[in-house]
Amino acid sequence: MVTRPGKLPESYGQTRVVVLPIHPYLVHVYWEIAPDCVEENLKRLPEVDRPPQPSLRFYDVTYIDFDGTNAHSWFDVEIDLWAGNWYVELWS
């Protein structure tokens, strides 16, 4: 009897972000944001005319003990939250 593999679910209902290095200046980021997490966080934001823009923030913490405030530099990459993945070029 041959068993067929089951279909993978579109989501697992868990919030997570994973960063995979491709080479020193390129990473692939993929994520899943649980729907209730999005709703919960949107409720905490003040009323605005337009929805907030999701983004990924990257810090340069080369050779430091990072405490959340002492990065050498940082940059944001605006993303489409529902895309689920993004390639990001890092510092050169």
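Glu40 is partly exposed, with a relative accessibility of 47%; partly exposed is the range between buried, under 20% relative accessible area, and exposed, over 50% (1.4 Å probe, protein chains only). The model is predicted, so local features need pLDDT of at least 70 and side-chain atom pairs count only at pLDDT 80 or more, while totals for chains, interfaces and linings use all residues. Residues are numbered from 1 along each chain as its sequence is written, and side-chain values use heavy atoms, with hydrogens and water left out.

Glu40 forms a salt bridge with Arg44, and the closest N and O atoms are 3.5 Å apart. A salt bridge here is a side-chain nitrogen of Lys or Arg within 4 Å of a carboxyl oxygen of Asp or Glu. Both Glu40 and Arg44 belong to helix H1 (residues 35-44), where they are four residues apart, about one turn of the helix. Helices (H or I, at least four residues) and strands (E, at least two) are DSSP runs, numbered from the N terminus. Arg44 has a relative accessible area of 58% and is exposed.

How many salt bridges does a search of the whole structure find? The search finds two. Arg57 is partly exposed at 41% relative accessibility, and Asp76 is partly exposed at 34%.

Strand S3 also holds Asp60. Is Asp60 buried or exposed? Asp60 is buried, yet it has no salt bridge, and the nearest side chain of opposite charge, that of Arg57, is 14 Å away. For charge, Lys and Arg count as positive and Asp and Glu as negative, while His and the chain ends are not counted. Apart from neighbours within four places in sequence, Asp60 is in contact (heavy atoms within 4.5 Å) with Ala71, His72, Ser73 and Trp91.

Tyr59 is placed in strand S3 (residues 55-60) as well. With a relative accessible area of 35%, Tyr59 is partly exposed. Together with Val61, Phe66 and Trp74, Tyr59 forms a nonpolar patch on the surface, and the four have about 360 Å² of accessible area together. Patches are made of residues with over 30% relative accessible area and no salt bridge; like charges are joined within 9 Å and nonpolar side chains (Val, Leu, Ile, Met, Phe, Trp, Tyr) within 5 Å. The areas come from the Shrake-Rupley method with a 1.4 Å probe, and for residues only the protein chains shown count as cover.

The loop between S3 and S4 contains Tyr63. Most residues other than glycine have a negative phi. Tyr63 is not a glycine, but its phi is positive, about 60 degrees. Tyr63 is exposed, with a relative accessible area of 84%.

Strand S1 (residues 16-23) and strand S2 (residues 26-32) run antiparallel and are joined by seven bridges; two strands pair if DSSP finds at least two bridges between them. A hairpin of two residues joins S1 to S2. Pro21 has Val27 in S2 as its bridge partner. Ser11 sits in the segment before S1 and is partly exposed at 43% relative accessibility. Ser11 and Ile33 are 22 residues apart along the chain, and their C-alpha atoms are separated by 9.1 Å.
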